[in-house]
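Hi there,

Here is the structure I promised to pass on to you. Have a look through it first, and then read my notes below.

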Amino acid sequence: MKAATFMAPGKMVVKDYAKPELQKPTDAIIRIVRACVCGSDLWWYRGISQREAGSTTGHEAIGIVDAVGTDVKDVQVGDFVIAPFTHGCGHCAACLAGFDGDCLNQEAGGNGGYQGEYLRFTNANWALVKIPGQPADYSDEMLNNLLTLADVMATGYHAAASAEVKPDDTVVVLGDGAVGLCGVIAAKLLGAKRIIAMSRHADRQALAKEFGATDIIAERGDEAVANVMALTGAGADAVLECVGTEQSIDTAVKVGRPGAVVGRVGVPQKPEMNTNNLFWKNIGLRGGIASVTSDDRKILLDAVLKGDIHPGKVFTQRFTLDQVQAAYEAMDHRQAIKSLLVISD
């Protein structure tokens, strides 16, 4: 089988591998239908973080169950499924509390190989999310919507849920990548009345507006804070931090009203960041790794199937697996908001 492989910063190739096999009774083998490139993949692609040369890549996919271990009862061969990156077991303290992104029984190295033809998926019995029917039953647009439920839409929703977005709230969303844009969708889904998106790029501003943003602020830093205050008076009820930089965290705290909650899903780009300013405004800080399986089952899959949300619009360029280098370059150069990889029918 073919799979995308990281060779060095800036260099992706497609290599041939043996088809993965079941290793544990809790495993499944998935034939990948669609996968994609994540913004977090750009960290090691750009050399900002480390990744082992020669490792397979990707952590978002939808596909067909090809084989299951003896302990896997909730899905069967032939089922169409979302393959979340979280691999929750469903029975540990974290999963039972609804935080499967922090599952206590995850296997090390589970996130790699999604950008390939087949994937060994661990904790398959609970973590996989069944989609009714088969890929042929859905439009191209709907398949893209379903793919976002493997990570990006669930992560945007996790930001909004962590920020405790409520009906009629004013919400600020920091970050205009796919996660931030899905955060706009999530804020609207949860009933926010005013959604202020921070974005400097016209294509992303337009999509944010389509997703439900009521206001756009293009400035950064103190100027952005001043503009939020001019729009809101006291600041936002909830803030979605979908970037992870020191400036973004600082801005998130400053644009929240006293007593606001910041929902943080941007992976931290520095080991230490000053959060002391939270104290002076009684601002809460929550968030982390998304609860993909939990939130897909609770609200997101149903919202997609009913046509209430259309997160697949974040895929603005499409590629075959053999074009994976171009897919990464498109995101690295901001030519694509998110790159889609069409693997099979």
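A definition to start with: contact means heavy atoms within 4.5 Å. Helices (H or I, at least four residues) and strands (E, at least two) are DSSP runs, numbered from the N terminus. Axes are lines fitted to C-alpha atoms, for helices over the stretch in contact, and angles run from 0 to 180 degrees between N-to-C directions.

You are looking at a predicted model, in which local features need pLDDT of at least 70 and side-chain atom pairs count only at pLDDT 80 or more, while totals for chains, interfaces and linings use all residues. Residues are numbered from 1 along each chain as its sequence is written, and side-chain values use heavy atoms, leaving out hydrogens and water.

Next, find strand 6 (residues 80-83). Phe80 and Ile82 point one way, Val81 and Ala83 point the other, and all are buried (under 20% relative accessible area, with a 1.4 Å probe and protein chains only; exposed is over 50% and partly exposed in between). In a regular strand, side chains alternate between the two faces of the sheet. Strand 6 pairs in the antiparallel sense with strand 5 (residues 61-68) over 4 bridges, and 3 bridges join strand 6 to strand 8 (residues 129-131), also antiparallel. Isoleucine 82 is the bridge partner of isoleucine 62, and lysine 130 that of valine 81.

Now for two helices. The axes of helix 4 (residues 140-148) and helix 11 (residues 292-305) come within 10 Å and cross at roughly 170°. That makes helix 4 roughly antiparallel to helix 11 (angles over 145 degrees; under 35 is roughly parallel, 65 to 115 roughly perpendicular and the rest oblique). Met142, Asn145 and Leu146 in helix 4 meet Leu301, Val304 and Leu305 in helix 11.

Happy exploring!

Notes. Pairing = 2+ DSSP bridges.
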